[in-house]
Amino acid sequence: MSTAPPSSPSRSISRPASLGGVLSVPGDKSISHRSMILNAIAQGDALVQGLSGGEDVISTMRCLQAMGVSIEPAGAPGSYTVKGRGPELEEPADILDAGNSGTSMRLLSGILASQSFVTVITGDSSLRSRPMQRIVQPLKQMGAQIMGRQNDSLAPLVIRGGGLRGIEYDLPMASAQVKSAIILAGLSAGGQTVIHQPALSRDHTERMVSAMGGKIEENGLDLVIHPARLNAVDITVPGDVSSAAFWMVAGLCHPNSRILVRGVGLNPSRTGIVDVLREMGAGDALQLVDQRTEGGEPVADILVTSAELHGVEIGGDLMPRMLDEVPILAVAACFATGDTVIRDAAELRVKETDRIATTVAELTRLGANIEATEDGMVIHGRGAGAGSLNGADCQSHGDHRLAMSMAVAGLLAGGETTVHGAADASVSYPEFWRDLDLLLQDAG
Ligand code: S3P
């Protein structure tokens, strides 16, 4: 777990009389990474619009540019032209830096596994402590040579690719990053690759590969990936539901709120948070307005008003559909009545921080009645009143989702909350604090 650098500024927040406004969240982080990576190895040029400006996506862009991919701004903010190179990239002159981004490191490794040159890929202290064995093992099985620290399980990774063969692989965990690394390698393998998933995880890679002319057969939780050359496609990235989740919880738990979040991607493999908030009693206070399909992904505006939530027990196949939202769900659970029990979320322990430990530690500082369990947490909620949490100093631990979750906790708690490491939000949501201020101002 890293601590917020002293240079990362702090922000103080207290509960406003009302919370309201209309905003758009950044482009979906997962789709943004994939729009760059898949178009880079496709044939032809693509216009990508609405790309996330978050630091994680910038890490992916820089790595691709270091391998000879031309990615140029195309006018409007978030618009880029990617010139596809086809499956063969250029040997980078230096070490690739994935920063804080697990998605960059794991997905790019799937591409590097088929390149006939040597690459070294590393990241920040958080990423260098996250498990890479989960991609190293299948990619080695496909024929790539990979070395890393601690018996090839930690970055920096050294990868010499080429000569891949298709494999049949039982995914040990419902991870979209691992699945995607294998799919990307499988596109350049000799013969088909079969993946058996234990549960559904986000399927943006499968959708985009298919839109680019690749062939992935889906049979329940089994995938068959056929080697393919991809054709570039223009992509309009929808808003990130994981970013919208902060405003869903803020709006539902504040007693005087009305927030409209425009253009949010609602791929069913990502909407677990909407399902859980509804199960907690959100009802009509959480409305999906103007549902439509944009670029092969379901999209809607989300209208949020105040609600009285109650505790809920969650786990099982739902968890991969909302794992990134557990820290903000824990905030909602503090303002619900009764107990919320979160199970089957052990993967949280290997995210940017151990999010079970950091979420419990930081909400405890605000007086929450919350306990960590091995694979989740239990929150004893006290209802919607400001007294359910008391403002205090808290830490991001260098984790973007924790910084934003604690900011929302501060909007709902009594007294003043100071979030140290506030700037960490920019890993996925650089405009987070601006949007928070907008909700305060618009509410008058
Ligand atoms: C992501 C997959 C998930 C998620 C992460 C983004 C992706 O990670 O937590 O924020 O874009 O594929 P895992 O694959 O490790 O579950």
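1. For the classes used below, Ala, Val, Leu, Ile, Met, Phe, Trp, Tyr, Cys and Pro count as nonpolar, Asp, Glu, Lys and Arg as charged, and the others, Gly among them, as polar. On that basis, the lining of the largest pocket has 17 charged, eleven nonpolar and eight polar residues. The model is a predicted one.

2. The largest pocket holds about 600 Å³ of space. Its lining is made up of 36 residues, and those nearest the centre of the pocket are Ala174, Ser175, Leu323, Asp324 and Lys351. H1, H3 and H6 are the elements that give two or more residues to this lining.

3. Where is the ligand in relation to the largest pocket? The space that the ligand takes is the largest pocket. Helix H1 (29-40), helix H3 (102-112) and helix H6 (176-186) are the elements that give two or more residues to the shell around the ligand.

4. The shell around the ligand consists of Ser30, Arg34, Thr103, Arg106, Ser175, Ala176, Gln177, Arg202, Asp324 and Lys351.

5. Which distances to oxygen atoms of the ligand can be given for serine 30, alanine 176 and aspartate 324? In the side chain of serine 30, an N or O atom is 2.7 Å from a ligand oxygen atom. For aspartate 324, an N or O atom of the side chain is 2.7 Å from an oxygen atom of the ligand. Alanine 176 takes part through its backbone, where an N or O atom lies 3.0 Å from an oxygen atom of the ligand. On its own the ligand has 390 Å² of accessible area, and the protein covers 93% of that.

6. Most residues other than glycine have a negative phi, and most peptide bonds are trans. The peptide bond that joins alanine 155 and proline 156 is cis, with omega about 0°. Proline 156 is part of strand E9 (residues 154-160).

7. The other backbone feature concerns phi. Aspartate 290 is not a glycine, yet its phi is positive, at about 55°. Aspartate 290 is placed in strand E16 (residues 286-294).

Conventions
Residues numbered from 1 in each chain as written. Predicted model: local features only at pLDDT ≥ 70, side-chain atom pairs only at ≥ 80, totals over all residues. Heavy atoms only, no water. Near = heavy atom within 4 Å. Polar contact = N/O pair within 3.5 Å; in protein donor to acceptor, adjacent residues only side chain to side chain. Areas by Shrake-Rupley, 256 points an atom, 1.4 Å probe, with all protein chains shown as cover. 1 Å grid on protein atoms, 1.4 Å probe; cavity = no way out; pocket = protein on both sides within 12 Å on 5 of 7 lines; lining within 4 Å. Sits in = over half its atoms within 2 Å of the grid points. Helix = DSSP H or I, 4+ residues; strand = E, 2+ residues; numbered from the N terminus. Points joined across faces, edges and corners; volume = space filled by probe spheres on them.
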